[in-house]
Amino acid sequence: MYYKSFNQDLKCRNFQYTLGEMYTLEGDLKICERGFHFCKTAADTFRYYQDRICVVEPLGKVIKEEDKLATDKIKIVKELSKRQVRSVIKKQEDAVINNGDMEEVRLFAENVKVAYVQRLEDVLIENGDMDEVRLFAGN
């Protein structure tokens, strides 16, 4: 399975997606510039958006650079609930640890940390405690 994250409106980089739909792109692919981007693990998606995470199916040519992948044809298969995301991440975390590749473990942990820090900041802002937000931002 592969994953893609979106904002609350199911947009990524101002492109509107719809669950169950397939999208095709003509032309050359280039990571971070041109293509439908997706990730190998749910935790990797946290570096981009955290609002909505979907299972996607790359159906065309795929290119890879570090933890980023892009394709010229993608299907948005289904959205995962927050509980499903946590379950998937736990299973992926166990697999990464059991694999024994410490660089992969470090990267996985960093991606999860980024997600939790960003979520904590969002909660502080939502609660309106600007002193806490300033203190958090200073750390």
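These legends accompany close-up views of a predicted model.

**View 1. A four-stranded open sheet in the predicted model.** The strand order is E1-E6-E9-E4. Pairing is antiparallel. Strand E1 (2-6) and strand E4 (22-24) stand at the edges. Each has a single partner strand, so one side of each lacks a neighbour in the sheet. From one strand to the next, the twist averages 35 degrees.

**View 2. The pairing of E1 with E6.** Strand E6 spans residues 52-58. E1 and E6 run antiparallel and are joined over five bridges. Phe6 stands opposite Arg52 in E6.

**View 3. Helix H1 against the sheet.** Helix H1 covers residues 82-99 and packs on the sheet. H1 touches E1, E6 and strand E9 (73-80). The direction of H1 makes about 110 degrees with that of E9.

**View 4. An open sheet of three strands.** The order here is E5-E8-E7. Pairing is antiparallel. Strand E5 (36-38) and strand E7 (62-65) stand at the edges. Each pairs with a single partner strand, so one side of each is left without a neighbour in the sheet. The twist averages 25 degrees from one strand to the next.

**View 5. The pairing of E7 with E8.** Strand E8 comprises residues 68-71. E7 and E8 pair in the antiparallel sense, over four bridges. Val62 stands opposite Thr71 in E8.

Notes:
Residues numbered from 1 in each chain as written. Predicted model: local features only at pLDDT ≥ 70, side-chain atom pairs only at ≥ 80, totals over all residues. Heavy atoms only, no water. Pairing = 2+ DSSP bridges. Helix = DSSP H or I, 4+ residues; strand = E, 2+ residues; numbered from the N terminus. Axes fitted to C-alpha atoms, helices over the stretch in contact; angles between N-to-C directions. Contact = heavy atoms within 4.5 Å.
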